[in-house]
Amino acid sequence: MARILRPHGRRGEVACEILTDFPEQLKRLKSVELCGALGELRRVAIRSCWLSRSRGGQAIFLFEGSDSISDAEGLVGLDVQIPLAERVPLPPGSYYITDLAGCEVRETNGPVGGEPGAVIGRVSDVQIPGEGLAGTPILIVESPRGELLIPLAQDICVRVDTAAREIEVVFPEGLRDLNG
C-alpha cells in the first residue's frame with residue numbers, strides 16, 4: 001500500500017510512496033503491518049496519517065514508537081501493508097502488489113491455457129506507471145538469467161493465481177530478446 005522513503009520532519013514521521021489506488025483509505029487506518037525485505041511482519045499502531053501533494057503525492061505517517069529522526073530512519077525501506085481482512089476488494093483482473101510478489105512465473109507450453117512449462121523465476125516487485133500516466137504494470141522477475149521485465153497484460157500473463165502463488169505467461173515474439 002505504501003513504501004517508506006525517508007524521515008519527514010523531526011518528530012518521527014515518515015514520508016511514503018503511495019502504492020494503492022485508494023490513498024484516502026490510508027488516513028482511516030488505525031494500524032498497519034510493516035514488512036521488511038525478508039517478509040517479516042510487525043503490526044504497528046498509527047498515531048496519524050495525512051496525504052501530501054509534494055513529490056507527486058506521498059503519505060506521511062506517524063507510527064506508535066517512532067518519536068525521533070533516528071526512529072524514522074530505522075523504518076526506511078519497509079513496506080506499509082494493510083492487513084488482509086481490511087483490504088478493499090478488487091475487481092477481477094486487478095491484484096495487490098503484495099499478492100504478486102513471490103509468485104512463481106512459468107511459461108505455458110503450447111496454446112493459451114496449455115500445460116505449465118518451465119519455471120522462469122519469481123516476482124520480486126511490480127513497477128507501476130507514474131501518477132497520471134497510462135500504462136501496464138511491469139512484473140520484475142528474478143530469474144537464473146537475471147532480472148526479467150514482463151508486462152502484467154492479460155494476453156501475456158494468461159493465468160494469475162495468487163492463492164497458488166503462480167503466474168503463467170505466454171511471451172509474444174520479441175519480448176525475450178528485449179529482456180536479453
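The questions and answers below go through the fold, cores, residue pairs and largest pocket of the structure shown above.

The structure is a predicted model, in which local features need pLDDT of at least 70 and side-chain atom pairs count only at pLDDT 80 or more, while totals for chains, interfaces and linings use all residues. Residues are numbered from 1 along each chain as its sequence is written, and side-chain values use heavy atoms, with hydrogens and water left out.

Me: How many helices and strands does the secondary structure of the protein come to?
Reply: Helices (H or I, at least four residues) and strands (E, at least two) are taken as DSSP runs and numbered from the N terminus. Counted in this way, the secondary structure of the protein comes to four helices and 12 strands.

Me: What percentage of the 180 residues of the protein count as buried?
Reply: Buried means under 20% relative accessible area, exposed means over 50%, and partly exposed lies in between, with a 1.4 Å probe and protein chains only. Of the 180 residues of the protein, the share that counts as buried is 38%.

Me: Which residues have the most contacts inside the largest nonpolar core?
Reply: A nonpolar core is a set of buried Ala, Val, Leu, Ile, Met, Phe, Trp, Tyr and Cys residues joined through side-chain atoms within 4.5 Å. The largest such core has 21 residues, and the elements that give two or more residues to this core are strands S1 (2–8), S2 (13–18), S3 (31–35), S4 (41–52) and S5 (58–63). A second, separate core of 19 residues includes Ile150, Leu152, Cys157 and Phe171. In the largest core, the residues with the most contacts are Ile4, Leu34, Phe61, Phe63 and Val80.

Me: With which residues is Val80 in contact, leaving aside its neighbours within four places in sequence?
Reply: Contact means heavy atoms within 4.5 Å. With the neighbours within four places in sequence left aside, the partners of Val80 are Met1, Ala2, Ile4, Cys16, Val32, Glu33, Leu34, Phe61 and Phe63.

Me: Why is the pair of Phe61 and Phe63 described as stacked?
Reply: Rings of Phe, Tyr and Trp (its six-membered ring) pair if their centres lie within 6.5 Å, and planes under 30 degrees apart count as stacked, over 60 as edge-to-face and the rest as tilted. The count by this rule comes to one aromatic pair, and both Phe61 and Phe63 are buried. The ring centres of Phe61 and Phe63 are 5.1 Å apart, and the pair is stacked because the angle between the planes is 10°.

Me: Is Val123 buried or exposed?
Reply: Val123 is found in strand S8 (residues 116–127), and its contacts beyond four places in sequence include Leu100, Cys103, Leu139, Val141 and Ile167. The C-alpha atoms of Val123 and Glu142, 19 residues apart along the chain, are separated by 6.3 Å. With a relative accessible area of 4%, Val123 is buried.

Me: Which residue forms a salt bridge with Asp125?
Reply: A salt bridge is a side-chain nitrogen of Lys or Arg within 4 Å of a carboxyl oxygen of Asp or Glu, and a search of the whole structure finds 11 of them. For Asp125 the closest N and O atoms of the pair are 3.8 Å apart, and the pair links distant parts of the chain, 122 residues apart, with Asp125 in strand S8 and its partner in strand S1. Asp125 counts as partly exposed at 23% relative accessibility, and the residue with which Asp125 forms the salt bridge is Arg3.

Me: Which residues do salt bridges that share partners join into one network?
Reply: Arg159 forms a salt bridge with Glu168, with the closest N and O atoms 2.9 Å apart. Arg159 is partly exposed, with a relative accessible area of 28%, whereas Glu168 counts as buried at 5%. Through shared partners, salt bridges join into one network Arg159, Asp161, Glu166 and Glu168.

Me: What is the phi of Arg165?
Reply: Most residues other than glycine have a negative phi. Arg165 is found in the loop between strand S11 (157–161) and strand S12 (166–169). Although Arg165 is not a glycine, its phi is positive, at about 65°.

Me: Which residues lie nearest the centre of the largest pocket?
Reply: On a 1 Å grid over the protein atoms alone, a pocket is an open set of points where a 1.4 Å probe fits, with protein on both sides within 12 Å along at least five of seven lines, and lining residues have an atom within 4 Å of a point. The largest pocket has a volume of about 1,100 Å³, a volume being the space filled by probe spheres set on the points, which are joined across faces, edges and corners. Elements that give two or more residues to its lining include S1, S2, helix H1 (23–26) and helix H3 (97–100). Of the 39 lining residues, those nearest the centre are Leu19, Thr20, Asp21, Ile128 and Pro129.
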